[in-house]
Amino acid sequence: MQVFGNVATLPERKKSKNTGKDYYEFRLAESQRGVDTTPTWYTVRVMKDTKPQLDKGDFVKVTGKLKVDCYLSREGKPACTALVIAFEATKIARRAAEPDGQEEMAGKPAHV
């Protein structure tokens, strides 16, 4: 499957309980053209030991296998998330600049 969307959390290094191998995981909000007020959320698991060069807000293409990951929440209730076991997570564009140059005022260059 392929999904296009915005990186919502920075990739975090984790270790597989089964194999002991490292991987990186982040949250992705699938987005359509324009403003999407109800995006589809995915957990993306990149099964490589090198950190993906992705920043929060980057627009990316993720290719991989879709699974449903079910678990017990902190409250002890069953919960599920859409999980993409990714073999590719490619940045297509950087996040858009803040309106009215707010990002530049914060000392950061504006992204295009």
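Two strands are said to pair if DSSP finds at least two bridges between them. Strands here are DSSP runs (E, at least two residues), numbered from the N terminus. The model is predicted: local features need pLDDT of at least 70, side-chain atom pairs count only at pLDDT 80 or more, and totals for chains, interfaces and linings use all residues. Residues are numbered from 1 along each chain as its sequence is written, and side-chain values use heavy atoms, with hydrogens and water left out.

Strands β5 and β6 run antiparallel and are joined by 14 bridges. Within this pairing, valine 68 has alanine 82 of β6 as its bridge partner. The two strands form a hairpin with five residues between them. In the turn, glycine 76 has a positive phi of about 85°. Strand β5 also pairs with β1, in the antiparallel sense, over five bridges. There, glutamine 2 stands opposite threonine 63 in β5.

Strand β4 has two pairings to describe. With β3, β4 pairs in the antiparallel sense over seven bridges. Glutamate 30 stands opposite threonine 40 in β4. With β6, β4 runs parallel, and four bridges join them. Valine 46 stands opposite alanine 86 in β6. Burial is judged by relative accessible area: under 20% is buried, over 50% is exposed, and values in between are partly exposed (1.4 Å probe, protein chains only). Five of the seven residues of β4 are buried, so this strand is largely enclosed by the rest of the structure.

A nonpolar core is a set of buried Ala, Val, Leu, Ile, Met, Phe, Trp, Tyr and Cys residues joined through side-chain atoms within 4.5 Å. The largest such core has twelve residues, among them Val3, Val7, Phe26, Tyr42, Leu54, Val60 and Val84. The elements giving two or more residues to this core are β1 (2–7), β3 (22–30), β4 (40–46), β5 (59–72) and β6. Strand β4 provides the largest share, three residues. Contact means heavy atoms within 4.5 Å. Leaving aside neighbours within four places in sequence, valine 7 is in contact with residues including Phe26, Leu28, Leu54 and Val60. Arg27, Asp55, Lys56, Gly57 and Asp58 are also among the contacts of valine 7.

Threonine 81 is found in β6 (residues 78–93). At 16% relative accessibility, threonine 81 counts as buried. The partner is the side chain of arginine 27, at 3.3 Å. Beyond four places in sequence, threonine 81 is in contact with Arg27, Thr43, Lys67, Val68, Asp69 and Tyr71. Leucine 72 lies in β5. Leucine 72 is exposed, with a relative accessible area of 61%. Not counting residues up to four places away in sequence, leucine 72 touches Lys77 and Pro78.

A pocket is an open set of points with protein on both sides within 12 Å along at least five of seven lines, and lining residues have an atom within 4 Å of a point. The largest pocket holds about 380 Å³ of space. Of its 15 lining residues, the closest to the centre are Lys15, Ser16, Lys17, Tyr23 and Arg45. Strands β2 (12–15) and β3 each supply at least two residues of this lining. The largest share, three residues, comes from β3.

Notes. A polar contact is a pair of N or O atoms within 3.5 Å; within protein, one must be able to donate a hydrogen and the other to accept it, and residues adjacent in sequence count only if both atoms are side-chain atoms. On a 1 Å grid over the protein atoms alone, a cavity is a set of points where a 1.4 Å probe fits but cannot get out, and a pocket is an open set with protein on both sides within 12 Å along at least five of seven lines; lining residues have an atom within 4 Å of a point. Grid points are joined across faces, edges and corners, and a volume is the space filled by probe spheres set on the points.
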